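Good morning, and thank you for coming.

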Amino acid sequence: PSVEEATRAWQAPLYADLTGDINVSFEFFPPKTEKMEEQLWSAIQTLTPLAPKFVSVTYGAGGSTRERTHNTVARIAKETPLSAAAHLTCVAASKAEIDGVADAYWEAGVRHIVALRGDPPEAGAKFEAHPDGYKGAAELVEGLVKRHPFEISVAAYPETHPDALSARGDIDNLKRKLDAGATRAITQFFFEPDTFFRFRDTVAAAGIDADIIPGIMPVSNFAAVQRMSAMCNTDVPGWMGKLFEGLDDLPAARQLVSATLAAELCRKLYAGGVRDFHFYTLNRAELSYAICHLLGLRPATLEKTA
Ligand code: FAD
């Protein structure tokens, strides 16, 4: 559907009409402490019955979590029925080092990589490729597929990546990544459905037919999300600030507002034809679970709501 059709359709489905005919995926980060490890595994346990298409584990800035990401992904692959994807970046590593990390994933039975350029560890610093490294995600994808027949996902930016020379240049870069062998793109988070619809149109007009999966960020800490959004060029609409006003000391109320906003975003995306959703879980299950539930998704062993 066009942007206009998609937007007009917003009113269409009520939650009660949603049957869970969607694919979901969940993103986690590798835990640093034992307590965080427990939290992660509890989240994985809660979300597993929703039968996600895959779950992915991020790679810390500058490769700082290389071991932890590997161990987490390998454990998910070994101990759960889930399909596990490992994020991998090009920062501060030679091609040989990255190829070694990819080989270790292949050996551990991991078949899906989320291939990224990454950012320098110092906030705000400009990305400089390692002298013997991959210069960006497109080169990384090329290198990975030469090594093993991985399934590869890449990043896309509905509001344009901050380093891009132009919106068009950013789309050309996305096309290079897909032409190099990636099969889907997951977007940076965004808060207005038409941001995604417009991007979907632009991407289609550029001749890209791969799946573009919206990345959904349920906002549990508004101040943190504002900071992150400023760094990655995501617009935080004024109405959102208003809705989180006065909730700093009311975490439970904040969770409810957060779930409502993310569910509404997903409902509108669904009305515009979206059937795949990628959730940035921040290692907490409840918000993502509640949103999936509102979209009609039920544990795989139970009957769907239809
Ligand atoms: P690229 O696709 O290489 O693009 C980077 C920039 O360079 C873009 O502006 C692009 O337009 C420009 N560019 C590329 N090639 C050219 C060219 N030839 N000419 C001109 N311009 C060019 N970061 C992490 O550190 N760890 C993670 O686990 C992680 N997971 C992520 C998951 C998702 C779904 C998303 C959306 C982002 C994630 N990131 C992660 C953040 C990501 O690493 C940063 O956004 C990074 O700045 C760009 O990575 P990229 O893969 O999009 O880069």
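This is a predicted model: local features need pLDDT of at least 70, side-chain atom pairs count only at pLDDT 80 or more; totals for chains, interfaces and linings use all residues.

The radius of gyration is taken over C-alpha atoms, and the globule rule is 2.2 Å times the number of residues to the power 0.38. With 306 residues, a compact globule would therefore have a radius of gyration near 19 Å, and the protein chain agrees, at 19 Å. Residues are numbered from 1 along each chain as its sequence is written.

The C-alpha trace of the protein chain spans about 50 × 45 × 40 Å along its principal axes. The chain holds 11 helices and eight strands; these are DSSP runs numbered from the N terminus, helices being H or I with at least four residues and strands E with at least two.

Let us turn to the interior. A residue is buried if 20 or more other C-beta atoms, placed from the backbone, lie within 10 Å of its own. Buried residues make up 40% of the 306 residues in the protein chain. A nonpolar core is a set of buried Ala, Val, Leu, Ile, Met, Phe, Trp, Tyr and Cys residues joined through C-beta atoms within 7 Å. Which members of the largest core touch the most others? Among its 80 residues, they are Ile113, Ala115, Val141, Ala185 and Cys266. Helix α10, residues 251–271, contributes the largest share of this core, eight residues.

Two residues are in contact if their C-beta atoms, placed from the backbone, lie within 7 Å. Leaving aside neighbours within four places in sequence, Val141 is in contact with Ala115, Ile152, Val154, Lys177, Ala180, Gly181 and Ala182. Ile212 lies in strand β7, residues 211–216. Ile212 counts as buried because 21 other C-beta atoms lie within 10 Å. Beyond four places in sequence, Ile212 touches Ala156, Ala185, Thr187, Arg200 and Val203.

Finally, the ligand. A residue is near a molecule if its C-beta atom, placed from the backbone, lies within 6 Å of it. Of the 24 residues around the ligand, Thr58, His87, Arg117, Gly136 and His161 come nearest. Which helix gives the most to this shell? It is α6, with four residues. At least two residues each come from β3 (84–89), β4 (112–116), α6 (167–179) and β6 (184–189).

Note on methods:
A residue is buried if 20 or more other C-beta atoms lie within 10 Å of its own, exposed if 12 or fewer, and partly exposed in between; C-beta atoms are placed from the backbone.
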